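Take a look at the fold below.

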Amino acid sequence: MPETNHRLVLARRPTGLLDESTLRLESAPVPEPAEGQALVAVRYLSIDPTIRTWMNDAPGYLPPIGIGEVVRSGGIGEVVASRNDRYREGDLVFGMVGWQEYALAGEGAAGMQTLPSGLDPLAAINVLGVTGMTAYFGLTEVGRLVAGDVVVVSAAAGATGSTVGQLAKALGASRVIGIAGGPDKCAYLVDELGYDAAIDHSIGGIARRLHEEAPAGIDLYFDNVGGEILNAALANLAMHGRVVLCGAISAYNEATPPPGPSNYVNLIVRRGRMEGFIILDFADRYPEAQATIVPLLAEGRLKHTEHVVEGLTGAGTALNLLFSGGNVGKVVVAL
Ligand code: NDP
C-alpha cells in the first residue's frame, strides 16, 4: 500500500478558465480508515461543469470549495481496506471522492454507492450515473416528454446532451435536433447517434436554423448552455412548449451574470413553461431511470462515449475542455 496520497487542492479562485495558479498538487499521508469507514483508491474522476461553479466564492446549491481544500468531485474508486461491513475489499464504489488518489467512504453524507459487480465503470460514471439520470429526469419529469414531441438539446454532443437526444428518440420524440459546436460534432450527432438534424452554433443564425428544422416550433428544449442559444430556442417555442433549465455552461466562466433572455416573453404568447432542476433531488428515484436505460444499452439503442484524460494532474485541463468544447461525450480522468 503506498504511503502518499497525492491530491489537488484549490489554491486560488479562477477568473475564467483554470490556469496554473488555480490548483496546487499536495502530498499527504494515505488516510487510515476509522471504525465504520473504508479506504477507497480512486480510479476515475467525473469531470463536471458544476465543479467550476463550486470554485467561485458564491452561493450555490452546495457551498463553495474552500481555499486549500481538495477539489470536490464525484468519481469511482475501489475499496482497498474496510472497517465497515457495507464495503468489501475489491468493491467498486461511486461517491464524492475528490481530486485525489485515496478517499474515505463512510456513512450518511460520506456514504458511497457500491456498484453491481461486472458493471462497466465508464458506463456507471456516465449513462448509468449522474449524467444519465440528469438526461432521463430532465426529459421525463421536468420536460414532461410525450410521444410526438419535437425536442431540441444544446451541448448535444456532450455527456448529458448526447444521452438526452438518444433517450428522447427512444421515448417517442418525433424529431430530435441537436445544437453543437463544429461540423464534426454535428455529423457525429446525425450519423452516429441518430439525431434527425444538427445545428452548428459556431456558424451563428441559430434562431433561423431552428425555425428551418422545427417549423411548427419546439415542444421541449433541453438547455445545457443558456445565453444566446437559450434565447434562440425561446423564440421558436411551440404552443405549450417546455424549457428544461439543466445548465448554463456559457455563463460559468463569467465574472458577472450575462443579461437574461429577452425572448422569455414568448413563454407568455406560447403559454410555455421554463423550469430548472438539480438532479440530486431525484436521487431516490435513480433505479427507475436505470430500469429504462439498461435495456436500451443492451439493445444498442443508447450509445455512450467517454473522453478519458490520463492522470490526476490532468484534471484541471480536463475541466477546461468542457468550456472549449474539446470533448465528445463524458470527460473523465483515469488515475
Ligand atoms: P458536456 O459534456 O456537455 O460538456 C460541455 C459542452 O458544453 C462542451 O462540450 C461544449 O460543446 C458546450 N459549451 C461550452 N461552452 C459553450 C458555450 N459558450 N456555448 C455553447 N456551448 C458551449 O458537459 P456535461 O454533460 O457534464 O454538462 C452539460 C450541462 O449540464 C452543463 O451546463 C452542466 O452544468 C449541466 N448539468 C446539470 C445538472 C443538474 O443537476 N441540473 C447535472 C449535470 C449536468 P460544443 O462544442 O458543442 O459547444
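This is a predicted model: local features need pLDDT of at least 70, side-chain atom pairs count only at pLDDT 80 or more; totals for chains, interfaces and linings use all residues.

Residues are numbered from 1 along each chain as its sequence is written, and side-chain values use heavy atoms, leaving out hydrogens and water.

The chain holds ten helices and 15 strands (DSSP runs numbered from the N terminus; helices are H or I with at least four residues, strands E with at least two). Its radius of gyration is 20 Å, close to the 20 Å from the globule rule for 335 residues, so the chain is as compact as a globular protein of that length. The radius is taken over C-alpha atoms, and the rule is 2.2 Å times the number of residues to the power 0.38. Along the principal axes, the C-alpha atoms fill a box of roughly 60 × 45 × 35 Å.

Of the 335 residues, 50% are buried (under 20% relative accessible area, with a 1.4 Å probe and protein chains only). Helix H7 spans residues 227–234; six of its eight residues are buried, so H7 is largely enclosed by the rest of the structure. Among them are Ile229, Leu230 and Leu234.

Now turn to Thr160. It sits in helix H4, residues 159–170. Thr160 counts as buried because its relative accessibility is 18%. Leaving aside residues up to four places away in sequence, Thr160 touches Thr131, Thr134, Ala135, Phe222, Asn224 and Cys246 (contact means heavy atoms within 4.5 Å).
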